Amino acid sequence: MLGAGGVAAVVALTAHSYRPELGVIGVAAVVLLALAVAAGFPSLIPWPLVLLAAGYALKLGGGPVDPWAPVYAGALVGIAELAYWSLELRGRAEAAERLTERRAGLIVALAGGSVAAGGLVLTATSLRIGSGIAIDIIGVAAAVAAVGVLAAVARPRP
């Protein structure tokens with residue numbers, strides 16, 4: 001909840017307009033996340049994250065690309081992972097002691113990897129490489145490769 005509250009506060013306090021609305025969205029997201037974790041409803045966990053992301057999108061409006069976007073993305077990934085982890089730990093305290101450091105390290109690595117990947121995408125979008133059919137073909141091939149990687153990762157394991 002602390003991470004969600006921090007993201008909500010930063011979004012609302014750094015906005016040039018819509019501060020009260022962003023504050024309400026942020027408070028609603030934190031309350032909904034607290035309810036989801038306290039009640040043990042994993043199906044509710046994505047919705048506070050959607051609210052936080054919507055608040056961030058409202059803050060950006062039609063303005064320029066925010067260089068801090070990868071950090072917000074990493075924070076949202078970390079918040080989601082910690083919320084789901086807290087639900088997994090219910091009733092399994094003895095097994096949790098052995099895995100706490102490993103899981104915490106995994107969550108930090110995942111959030112850091114999200115920031116790095118977002119930074120890479122942000123950097124790639126700012127490059128001027130020209131235009132033409134060759135660039136379009138490379139873009140289509142990259143998109144097909146990305147979908148192929150996602151399909152391979154999502155495939156159920158026997």
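Tutor: A definition comes first: a cavity is a set of grid points where a 1.4 Å probe fits but cannot get out, and its lining residues have an atom within 4 Å of a point. Please note also that this is a predicted model.

Student: How many cavities of 30 Å³ or more does the count come to?

Tutor: The count comes to one cavity of 30 Å³ or more. About 40 Å³ of space lies in the largest cavity.

Student: Which residues line the largest cavity?

Tutor: Its lining consists of A8, V11, L22, I25, G26, L51, L52 and G55. The elements that contribute two or more residues to this lining are α1, α2 and α3.

Student: Let us step back to the overall fold. How many helices and strands are there?

Tutor: The protein has six helices and zero strands. Read from the N terminus, the order of elements is α-α-α-α-α-α. The C-alpha trace spans about 60 × 50 × 25 Å along its principal axes.

Student: What share of the residues is buried?

Tutor: Buried residues account for 21% of the 158 residues in the protein. As for contacts, among those between residues at least 6 apart in sequence, 67% join residues at least 24 apart.

Student: Now α1, please. Which of its residues are buried?

Tutor: In α1, the buried residues are A4, V7, A8, V11 and A12. Seen down the axis of α1, these buried residues fall within an arc of 125°, so they line one face of the helix.

Student: Why would a helix place residues on one face like that?

Tutor: An α-helix has 3.6 residues a turn, so residues three or four places apart point the same way.

Student: And what is exposed on the other side of α1?

Tutor: L2 and L13 are exposed on the other side of α1. The buried residues of α1 are covered by elements including α2, α3 and α4.

Student: What about the span of α1?

Tutor: α1 has 13 residues, which at 1.5 Å a residue should span 18 Å, and its end C-alpha atoms are 18 Å apart, in agreement.

Student: What follows α2?

Tutor: G40 follows α2, and its phi is positive, near 80°.

Student: Finally, the largest nonpolar core. Which members touch the most others?

Tutor: The core has 21 residues, of which V7, V11, L33, I45, L52 and I79 touch the most other members. The elements giving two or more residues to this core are α1 (2-14), α2 (19-39), α3 (46-60) and α4 (69-88). α4 gives the most, with six residues.

Student: And what does I45 touch?

Tutor: Leaving aside residues up to four places away in sequence, I45 touches L33, A36, A83, Y84 and L87.

Definitions and conventions. Residues are numbered from 1 along each chain as its sequence is written. This is a predicted model: local features need pLDDT of at least 70, side-chain atom pairs count only at pLDDT 80 or more; totals for chains, interfaces and linings use all residues. Side-chain values use heavy atoms; hydrogens and water are left out. A nonpolar core is a set of buried Ala, Val, Leu, Ile, Met, Phe, Trp, Tyr and Cys residues joined through side-chain atoms within 4.5 Å. Buried means under 20% relative accessible area, exposed over 50%, partly exposed in between (1.4 Å probe, protein chains only). Helices (H or I, at least four residues) and strands (E, at least two) are DSSP runs, numbered from the N terminus. Contact means heavy atoms within 4.5 Å. The expected span of a helix is 1.5 Å times one less than its number of residues. The arc is that of the directions from the helix axis to the C-beta atoms. On a 1 Å grid over the protein atoms alone, a cavity is a set of points where a 1.4 Å probe fits but cannot get out, and a pocket is an open set with protein on both sides within 12 Å along at least five of seven lines; lining residues have an atom within 4 Å of a point. Grid points are joined across faces, edges and corners, and a volume is the space filled by probe spheres set on the points.
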